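Below is what I looked up, entry by entry.

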Amino acid sequence: MTTQRQLVQSLVEMGALAPEWRDAVGSVDRALFIPEVIVGGDFRQDPEEWLRIVYADRPVVTQVNDGKATADDAFRLPTSSSSMPSIMLEMLDLLDVRDGHRVLEIGTGTGYNAAWLSYRLGETRVTSVELDENVLSLAEENLKRAGFRPATVLGDGRDGHREGAPYHRIICTCTMRDVPAAWLEQCPDGRIVTPWGSSFFSGSFATLDVVDGKARGTFSGSPAFMWDRTHRGGAGRIADLYREEQQGVKGTTDIPPQHVIQDDPAFFIGLTVTDTWFRWCDADDGSGEATLWFFADDGSSWATVEYVPDAETYEVEQYGPRTLWDDVREVFLRWHDLGKPERSRFGLSVDGDGVSQRVWLDDPRQPVGRPSPL
């Protein structure tokens with residue numbers, strides 16, 4: 001896949017490209033927004049491979065570790081990217097942009113999404129805020145090269161951009177743990193779409209309709225976006241966080257470990273266990289065995305559950321001041337007691353002060369999980 005036309009055609013065939021966005025996507029060349037050196041490709045060394053990456057429906061990582069110098073053997077955390085085009089279109093469909101709308105984008109990234117919005121609405125109706133000065137500078141160059149000059153602002157996206165308010169729509173391109181009060185103030189009667197979640201599970205879009213500065217909405221999708229840099233979840237390599245000399249408390253469980261990380265239960269667990277992340281590691285010997293690791297965001301605690309096919313019980317080990325598996329197990333059983341509700345049955349309400357954030361099941365009067373802030 002080496003041309004913009006092929007990218008557009010693939011999106012059409014997938015059913016991802018709505019008619020109202022086809023001109024924008026077809027007219028804005030993604031290659032103008034991708035640097036020559038990216039994770040997995042280098043235009044100077046292999047231009048064909050670079051083009052295949054750029055014009056594929058896949059995310060392209062353009063920065064790691066906030067742009068800081070990184071040793072070859074160090075953990076590399078993706079910190080800026082050009083998102084997968086089909087996911088961008090899914091977000092824009094949720095946003096329900098109409099002609100004449102003013103849109104605030106949180107997280108400029110490469111500028112590609114801002115270019116689509118500028119083409120569709122006109123650049124004077126688009127404002128984009130970016131926290132990283134270097135990322136913003138490159139995005140501005142990309143946008144100018146593509147023929148667009150929307151308002152671009154260096155700042156914390158949590159603050160929005162008051163000078164351009166009010167907005168009809170706010171779209172956020174990083175994962176949020178909450179919905180800031182500034183967004184409700186600056187989009188008092190409109191719609192907000194953002195990736196949302198906790199360290200345990202962040203694979204949801206929150207689509208919120210705002211009326212008189214109060215928001216209510218639903219969860220959907222399976223996004224995988226980078227975190228709001230001011231409220232990141234934990235991440236890293238197991239080898240950097242675990243030491244063999246660390247001996248935890250051992251036990252067993254009859255819950256197959258893979259059950260707690262499936263989307264619906266993981267979403268529910270993440271409403272309460274907000275500061276813990278997990279990683280599933282398959283054994284490399286073809287046995288089908290695996291280890292499910294849990295780590296506290298602060299690195300103080302970890303837990304493992306050892307999966308063996310056809311076993312009736314599974315070995316557990318927990319280390320540190322917190323018993324992470326016990327925390328996860330307790331909430332997983334609560335999800336079972338509620339009848340294993342699907343994620344689509346949950347909603348999110350945010351009051352105008354931005355402090356009272358409630359997730360509820362079926363009815364706003366039935367809050368679940370940990371009260372905000374998360």
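**Entry 1: around D57**

I began with D57, which touches L7, L11, M14, M84, P85 and S86, leaving aside residues up to four places away in sequence. Contact here means heavy atoms within 4.5 Å. I placed D57 in the loop between α3 (47-54) and β3. Helices (H or I, at least four residues) and strands (E, at least two) are DSSP runs, numbered from the N terminus. I also checked D57 against S81: they are 24 residues apart along the chain, and their C-alpha atoms are separated by 13 Å.

I noted the ground rules. This is a predicted model, in which local features need pLDDT of at least 70 and side-chain atom pairs count only at pLDDT 80 or more, while totals for chains, interfaces and linings use all residues. Residues are numbered from 1 along each chain as its sequence is written, and side-chain values use heavy atoms, with hydrogens and water left out.

**Entry 2: α1 and α4**

I looked up helix α1 (residues 4-14) and helix α4 (residues 85-95). Their axes come within 11 Å and cross at roughly 55 degrees. Axes are lines fitted to C-alpha atoms, for helices over the stretch in contact, and angles run from 0 to 180 degrees between N-to-C directions. That angle makes α1 oblique to α4. Angles under 35 degrees count as roughly parallel, over 145 as roughly antiparallel, 65 to 115 as roughly perpendicular and the rest as oblique.

The crossing of α1 and α4 is right-handed. A crossing is right-handed if the near helix is turned clockwise from the far one by less than a right angle, and left-handed if anticlockwise. L7, L11 and M14 of α1 meet P85, S86 and L89 of α4. I sorted the residues of this contact into five nonpolar, one polar and no charged. Ala, Val, Leu, Ile, Met, Phe, Trp, Tyr, Cys and Pro count as nonpolar, Asp, Glu, Lys and Arg as charged, and the others, Gly among them, as polar.

**Entry 3: α4 and α5**

Next came helix α5 (residues 112-121), whose axis is 11 Å from that of α4, at an angle of about 50 degrees. α4 and α5 are therefore oblique to each other. Their crossing is right-handed. From α4 I listed P85, M88, L89 and L92; from α5, Y112, N113, W116 and L117. This contact has seven nonpolar, one polar and no charged residues.

**Entry 4: α1 and α2**

How do α1 and α2 lie to each other, roughly parallel or roughly antiparallel? The axes of α1 and helix α2 (residues 19-27) come within 9 Å and cross at roughly 155 degrees. The two are therefore roughly antiparallel. This crossing is right-handed. Q4, V8, Q9, L11 and V12 of α1 meet R22, V25 and G26 of α2. I counted four nonpolar, three polar and one charged residues in the contact of α1 with α2.

I turned to the second largest pocket, with a volume of about 360 Å³. Its 22 lining residues include P35, T62, Q63, V135 and L138, the closest to its centre. β1 (37-38), β3 (60-64) and α6 (133-146) each supply at least two lining residues. α6 gives the most, with seven. The lining divides into 11 nonpolar, eight polar and three charged residues.

For the terms: on a 1 Å grid over the protein atoms alone, a pocket is an open set of points where a 1.4 Å probe fits, with protein on both sides within 12 Å along at least five of seven lines; lining residues have an atom within 4 Å of a point. Grid points are joined across faces, edges and corners, and a volume is the space filled by probe spheres set on the points.

**Entry 5: backbone**

I found a cis peptide bond joining A165 and P166, with omega about 5 degrees. P166 lies in the loop between β7 (151-154) and β8 (169-172).
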